[in-house]
Amino acid sequence: MRRLRDLFQALAQLPRLAFLAVGLFVLLGVLAPWLAPYDPNAQDLLAAHADPSWQHWLGTDHLGRDTLSRLIVSARTSLVGMSLVLLIALSVGITIGTVAGYRRGWVEEVLMRIVDVGLAMPSLIVALAVIGIFGTGYWNMILALALAWWPGSARISRAVAVGVMNRPHIESLRVLGASPGRIYFHHLLPSTIGAVLVYATADAGAVALSIATLSFLGLGIQPPTPEWGQMLVDALPYLESAPWQVILPGLVLTLVVIGFNLLGESIALNRVPTPLPRRILLKRRAVAAGWKKAAP
Amino acid sequence: MTSTNILQVSHLCVDLYTTRAALRPVDDVSYEVAAGETLAIVGESGSGKTVLNFAPLGLMPTGVVTDLSGSILFDGQQLVGLSEPALRRIRGGKIGTIFQDPMSALNPALRIGRQIAEVAELHLGMTSSQAEARALDLLKLVRMSDPEARLRQYPHELSGGLRQRAMIAIAIAAEPKLLIADEPTTALDVTVQAQIIGLLKDLQRRLNTAIVLITHDMGVVASIAARVAVMYAGRLAEYGSVEEVLLTPRHPYTSGLIAALPSVDDAPGSPFRGLPGTPPVLGAPLPGCAFAPRCPQVIDICARRYPPLAGGAGTAAVACHVVNARQSKEQAHA
Amino acid sequence: MSTLIAIRLRNAVVLLVLATMLCFALVVSAPGNVAVLIAELRTPKATFEQIRVVEEELGLNQPLILRYGSWLNGALHGNLGVSYKTGDAIGPALASRLPITLTLVVGGAAFAMLLSFALGFLGALWPGRFGDALSRVIALLGASMPSFFVGALLIYALAVELGLFPTFGTAGLSSWVLPWMTIGLLPAAVLSRVVRVGLEEAMARPFALTASAKGLSRRAILFRHALPNIAPTYINALGAQGGAMVVGAVVVEPLFALKGVADLFLQGVLFRDFMVVQACLLVFLTSFILLNLMVDIGMMFTDPKLRRQGANA
């Protein structure tokens, strides 16, 4: 119950725009098949490059497919892909991080050296190379991106796990004779997962960008599955005649990433003092105006 | 008398605003400092002694706004209502400042020499090379060993005492008429504390600088100050010469503070004496005496009306209904 | 300090060896028999004999350690093998393409640094004002827009509609403006936050109050006291962004028809041209490790604590 209340409190403090953008994205992603007015892959070459109309609110692409429907279904593609990448990367990262944080000593030393090497390499380039060797395909993309993201989550998990292990109640559990398995699975793991999931939202935007980028390059989501990066690259040859078909998918993707980035920013603890806003200053002065001043 | 006073503060009120609250950390405070003299301002943390000294100079952290009322005459100039550019010319020029923790108060990324020379460039209009030479002289003046090498060093390479000497060199670089020292010895080892106090006394004699020393250490007060102002919850409780206040404290708070000091006469293992209760959290000004809840001599009127600071000749001025009523009775008898 | 540099150098060499092993292992672990692939590339439906010839030719039948040794030896002498797809030698192709990628990345980094300081100081000099809000919005957009979208927008607005810059080619400065802006926007956004937050954190530290007590103006404190303190953090972030810019180049080079290393890499990835992928990856990893070495040394020069530590060690 306490965790649930904490969660709601955290949600209440989030910036509204971010909440709106991310909420809408998740909603679209989940409900896409019911929300899309057309089959996103239904071609109608006679209606290709149509301007917005009552039939096609946002027009059609070069194959006459309904842009609005494709934008909506792309949200699902992106949401599923992003979730899979984060799920795999976080599972690996949290496992390694918590084991390192639990065992300490040489186990931690070895595991964190591996993580350091992973962090030292430009992960996305390695991921691209992996796709180059093993070929394009949905699961290759997901695994390649997870490969790029696990070291970061491992490092955060270890930091969180070390913090949890240093809490006094873990120490007292150990003294009371709780088994290592109990401490690990009932106390360390749940606390770490909770904290690391919060950090993961900050990364979700970057994962969505990477999926779109790979798809733009033809290495990620393969046609005919609609995806924003792919929609954009499909429309690019017609940039001069139909710029909106390029701009729309880019814009939607940008809004989603802005939402995640704002969430991440509000979570990151880089709070620095800012000047007192004028509105608050006036309020405070009004309070102090009622106070008696010494006669000069 | 006013002609020799370098600093004359009268009825100063400071209202302070943050994102969380409005409060009055300084309420109706008056005192003066003569040229070349040292005034100690004593109080617990949170008593407003730091705000009292730094708010008028515009030295408040980001996100904090202060409104001043009353009057602060410094060297013939009214500081209340002065613009930021005008205050800037005074800060570091006519008024030097020493902070509590010299490690964090010095810039870790700049050499000591640069940090001192900067003041000479700004306030004395010196060229870079003149200012470097001045920095070297200042390091010699604060009796730093191997001053040429120190100029090129960074703060983390110096010991705590040396850092505070560098901080003092920065504060006196433009030969200020007033030096404000905010707990200059609190962060230092006990052996170094005496050296720093000795250095301050020596510099004061040589440069004829007035010093306002903010502290909670009665030992420091006794060794350097001529006068003391005791602050409690934003107001002055007692104000007078060091002998008067330390030897014959009259305000119940001052008496309590001095009685709480450990003494050589105490039997080993005797219990620690302290003041019962805690000081009030600063907020809106209180109608009565802020010390009333902790005061052993409290009477009805204490909670309702604030006692003005009053005192006769030959004694410290005290803000206490009980003490002042007793005094006027004695005077009536005489 | 020299000891500290020696430690960094040793770490860099270890990483380089690991990088070569990774590049080698990638091709070895490739699914399918490489020899079959190549033989079929030459003659469809290659016979067993033909495959054996290819194996012999490429030394594929030798033990792994020997293959690694001869590959590494070749790589050190600029011999990075032959493209399976075109049959061209990869070494010379890389050499001719490297200047284009370098121009792109270095120019983009310069643009990113300029913009990041402009945006960071815009916010720090007038906090809470219009400039601050503007720099925040640009930083947020820059960090949230995919680079292919930025490039498409820039092409549409500045090249197609306004006709200010060419959309492709490497002739003259004007043809580089759009690629530099496209590749530099994301690092500029990230770095501007580093500048802004770093300056603000420095301004909240006690030494800033000391500087204010000296009579310095906010502007002077920002430039003379806060700026030197963010230098190590900034250099570190710049190094990390250098790695991100290689990914950016993979998008930007095809978008602006630049024939650089990243373009070659992408071609290799798209057509599963193992040797090309391997060679490009080796180039990227090597330059990345060298960049990090430079960052470490740069941080040592800007952080007095690190510098003296090395001197005493």
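Trainee: What should I know about the numbering and the confidence limits?
Mentor: Residues are numbered from 1 along each chain as its sequence is written, while chains are lettered from A and ligands numbered from 1 in the order in which they are written. This is a predicted model, where local features need pLDDT of at least 70, side-chain atom pairs count only at pLDDT 80 or more, and totals for chains, interfaces and linings use all residues.

Trainee: How many helices and strands are there in chain C?
Mentor: Helices (H or I, at least four residues) and strands (E, at least two) are DSSP runs, numbered from the N terminus. The C-alpha atoms of chain C fill a box of roughly 85 × 60 × 30 Å along the principal axes. The count for chain C is 13 helices and zero strands.

Trainee: Which residues of chain C does UniProt list as "transmembrane region", and how far apart are the end C-alpha atoms of 100–125?
Mentor: UniProt positions are in the numbering used here, feature names are shortened, and annotations may be inferred rather than shown by experiment. The unreviewed entry lists 12–39, 100–125, 137–157, 177–195, 234–256 and 276–299 of chain C. Residues 234–256 of chain C are 96% helix and 0% strand, with end C-alpha atoms 29 Å apart. Residues 100–125 of chain C are 100% helix, and their end C-alpha atoms are 37 Å apart.

Trainee: How far apart are the C-alpha centres of domain 1 and domain 2 of chain C?
Mentor: Domain bounds come from an automatic or database domain assignment. In chain C, domain 1 covers 2–76 and domain 2 covers 92–270. Their C-alpha centres lie 36 Å apart.

Trainee: Which element gives the largest share of the side of chain C that touches chain A?
Mentor: Two residues are in contact if their C-beta atoms, placed from the backbone, lie within 7 Å. The contact takes 40 residues from chain C and 40 residues from chain A. Helices that each supply at least two residues of the chain C side include H1 (2–28), H10 (218–255) and H12 (274–302). The largest share, seven residues, comes from H12(C).

Trainee: How do the residues of that side of chain C divide by class?
Mentor: Ala, Val, Leu, Ile, Met, Phe, Trp, Tyr, Cys and Pro count as nonpolar, Asp, Glu, Lys and Arg as charged, and the others, Gly among them, as polar. On the side of chain C that touches chain A, the division is 32 nonpolar, five polar and three charged.

Trainee: Are H10(C) and H11(C) roughly parallel or roughly perpendicular?
Mentor: Axes are lines fitted to C-alpha atoms, for helices over the stretch in contact, and angles run from 0 to 180 degrees between N-to-C directions. Under 35 degrees is roughly parallel, over 145 roughly antiparallel, 65 to 115 roughly perpendicular, and the rest oblique. The axes of H10(C) and H11(C) come within 8 Å and cross at roughly 85°. That makes the pair roughly perpendicular.

Trainee: What is the class make-up of the contact of H10(C) with H11(C)?
Mentor: Val246(C) and Glu253(C) are among the residues from H10(C), and Asp263(C) and Phe265(C) are among those from H11(C). By class, the contact has seven nonpolar, no polar and two charged residues.

Trainee: Which strands stand at the edges of the four-strand sheet of chain B?
Mentor: Two strands pair if DSSP finds at least two bridges between them. The open sheet runs E2-E1-E4-E5 (chain B), with antiparallel pairing. Each edge strand has a single partner, so one side of each is left without a neighbour in the sheet; these strands are E2 and E5 (77–78) of chain B.

Trainee: Which residue is the bridge partner of Leu16(B) in E4(B)?
Mentor: Nine bridges join E1 (residues 5–17) to E4 (residues 65–74) of chain B. Helix H11 (residues 278–289) of chain A lies across E1, E2 and E4 of chain B, at about 110° to E1(B). The partner of Leu16(B) is Thr66(B).

Trainee: Which residue of E11(B) stands opposite Tyr239(B)?
Mentor: Seven strands form a mixed open sheet, E6-E7-E8-E3-E9-E10-E11 (chain B). Two bridges join E10 (residues 235–241) to E11 of chain B, and the two run antiparallel. Opposite Tyr239(B) stands Ala317(B).

Trainee: Which element gives the largest share of the side of domain 1 of chain B that touches domain 2 of chain B?
Mentor: Domain 1 of chain B is 2–231, and domain 2 is 233–263 + 286–333. The contact takes 19 residues from domain 1 of chain B and 17 residues from domain 2 of chain B. The largest share of the domain 1 side, seven residues, comes from E2(B).
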